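Try each task before reading its solution.

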Amino acid sequence: MRNWRARTAAIAVVSALALVTACSSENEDEGSGGSSGGTSGGDSGSPASELSGSLAGAGASSQDAAQQAWMAGFQDANPDVTVTYDPAGSGAGREQFIAGGVAFAGSDAYLDEEELAAANERCGGEVVELPIYVSPIAVIFNLPGVESLNLSAETIAGIFNQQITTWNDDAIAADNPEVELPDTAITPVNRADDSGTTENFTDYLAAVAPDAWPHEASDVWPVEGGEAAQGTSGVVQAVTSGEGTIGYADASQASGLGTVHVGVGDQFTEYSPEAAAAVLEVSERAEGRGEHDFAFDLARETTEAGTYPIVLVSYGLACAAYDDAATADLVQGYFNYILSPEGQQAAADTAGSAPLSADLSQQFQAAVDAIGSAA
Amino acid sequence: MPSTTEKTPRRGTVQRPGDRVFAGASTGAGITILAILAGVAAFLVIEAWPALWASDEEMPDGEGLVLYVWPLLFGTLISATFALLIATPFAVAIALFISHYAPRRVAVTLGYLIDLLAAVPSIIFGLWGAAELAPLTVEPTQWLADNLGFIPLFEGPASATGRTMLVASMVLAVMILPITTAVVREAFLQTPRLHEEASLALGATRWEMIRMAVLPFGRSAIIGGAMLGLGRALGETMAVAIVLSGSAGVTFNIIGSGNPSSIAANIALRFPESSGLDINVLIASGLVLFAVTLFVNMGARAVINRRRDFSGAN
């Protein structure tokens, strides 16, 4: 008995010690981005295999699933590296990045001028801003017997602004001559929490249908009295459980529901990863920013056939120069992996995002290659 | 064996180490809880301070703090009130059944099951409310809107998903049922046997006995139990956040899509993506909830204390 007790006590002490040392060594690494440092950089553009240390990031929760996939893939290739991503929200991610708390960040919106100045100061040079995560936002509805509808931007705006209130409204019927529409009341479903999905959806409506959508782009839903649900899963659940409901959600979660083909020019486009990625191709880079700053003003009002303009574009933020070489190598290695075809495919598989085209990846690669240490 | 018990007892007030340790520990625990409460209050005030003095334009909706918090406070109060209205009669009935009607074995099992309800995490109640209960209410609420629409509560149009204030209140009612029932049941069980037998001896039926002896005795416990439940309903976060479609301002319509959200649910929904002043505003709304809860509990205590003299316990 006595012996057994002594033995368990010893085991407990040893495991507690192990835990303490493990924790403390992790703490040392955090933020500084790797105390033991890697020797080989990623200058060649290929994933380096001799990297070690740990890398901390924070930001948009929309990217979380993709970041998890990238972390897993990157850590598989570099067993000595630990990457963490705290999905604390875009605003928190930008704040922490500017304050120097994390080495990289994810954000659903690109840095505004004030933040850009602060970020450039934090980096002691230029900030690298890349749209690494492009995800189509599907407009989903639940109307028995109807699998897809053609809706123009004006009609979508009218529905979500609660001006079009029944499914057999003339505006809907005009674009869908073959569909038999019931006189069910429309229940628009929106996000109850602040979200990048809402921001991108309202940005689309404000840009393309300003007459029918008198609100500004915002991450808080601007119209009162609709059905509000928590998170993407909450919206999908609310749309599924009600009849005559319509909502917007990350396309990867939209399976099993009716989807809207969105009016682009004279045609109606169904969402697809390719059509979503195509939007970046026709968009202009925001002006007056650095060489490595790929902030895009999305061409929501594009009339190009085959583009799907309701997309969420989420950025990865990093510095062009870091104080220590180890961090620079890690960040460069990680972003190399993210931009690589394997990285983009991994995100597409787990998060349902749209892989970047080879042409765009090529352009962004120049910015990643520029990451280095200031010393 | 510990050495202290071996000594022979002595007269006089001798302070043994155990006395000092126990007195110190219990005093320390008492002071700690006060310090924690003061700490929480200080945190809320300090963090809410910038929001209290910010101009109206800086607010999330550009209309000022009072107009931002008021609908949320209204939603909190109305959901908790309806929950209380639903749960209290239920709790009293269940407690009476357990204490005076059910056979002993059934009473023990039922009491145990009710207590078990208290151990279910609130998020489970939330998911159940949104996925199961809400769709079931769609047709009844549609009927209410069609036939009783002249009552402001059922004004409609009825929600197509059932994620309404009514369902949120029902979920809250289920959640506060165990605590209220437990308090009331304990009080009913302590009704003096002599009171009960005296009224029966005077020819009262069982219901008359309960009305004359049990209910007056348990009245302060019913109020106390209800107030404990109210405290929980006011602060409930996840269940409300999941169940309630909180997208509108003040309205008495409890079966529509647009409901006022509650303070706690609003904080849970908004906090993750907020930064800067928005966080201060959310914490300021939390300060309001803190004050309201404190006020409700103090009021309940005052009511119980006033009633104590008439409860028949003495």
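A residue counts as buried if 20 or more other C-beta atoms lie within 10 Å of its own, as exposed if 12 or fewer do, and as partly exposed in between, with C-beta atoms placed from the backbone. This is a predicted model, in which local features need pLDDT of at least 70 and side-chain atom pairs count only at pLDDT 80 or more, while totals for chains, interfaces and linings use all residues. Residues are numbered from 1 along each chain as its sequence is written, and chains are lettered from A and ligands numbered from 1 in the order in which they are written.

**Exercise 1.** Find the buried residues of helix H11 of chain A and the elements that they pack against.

*Solution.* Start with the helix, residues 341-351; helices (H or I, at least four residues) and strands (E, at least two) are DSSP runs, numbered from the N terminus. Its buried residues are Gly343(A), Gln344(A), Ala346(A), Ala347(A), Ala348(A) and Ala351(A). Next, look for their partners: helix H2 (64-77), strand E4 (127-142), H9 and helix H10 (325-339) of chain A. Contact here requires C-beta atoms, placed from the backbone, within 7 Å. Finally, step just past H11(A), where Gly352(A) has a positive phi of about 70°.

**Exercise 2.** Decide whether Ala275(A) is buried or exposed, and list its contacts beyond four places in sequence.

*Solution.* First locate Ala275(A) in helix H9 (residues 273-282) of chain A. With 21 other C-beta atoms within 10 Å, Ala275(A) is buried. Leaving aside neighbours within four places in sequence, Ala275(A) touches Thr269(A), Gly306(A), Thr307(A) and Tyr308(A). Tyr308(A) lies 33 residues away along the chain, yet its C-alpha atom is 5.0 Å from that of Ala275(A).

**Exercise 3.** Work out how H3(A) and H4(A) are oriented to each other.

*Solution.* Take helix H3 (residues 90-99) and helix H4 (residues 113-123) of chain A, which pack at an angle of about 40° with their axes 8 Å apart. Axes are lines fitted to C-alpha atoms, for helices over the stretch in contact, and angles run from 0 to 180 degrees between N-to-C directions. Angles under 35 degrees are roughly parallel, over 145 roughly antiparallel, 65 to 115 roughly perpendicular and the rest oblique. H3(A) and H4(A) are therefore oblique to each other. Arg94(A), Phe97(A) and Ile98(A) of H3(A) meet Glu115(A), Ala118(A), Ala119(A) and Arg122(A) of H4(A).

**Exercise 4.** Summarise the fold of chain B and its contact with chain A.

*Solution.* Count elements first: chain B has 11 helices and 0 strands. Then take its extent, about 75 × 55 × 35 Å along the principal axes of the C-alpha trace. Of its 314 residues, 39% are buried. Turning to the interface, 30 residues of chain A are in contact with 25 residues of chain B. H3, strand E6 (187-191), strand E7 (227-229) and helix H8 (231-241) of chain A each give two or more residues to that side of chain A.

Key. Two residues are in contact if their C-beta atoms, placed from the backbone, lie within 7 Å.
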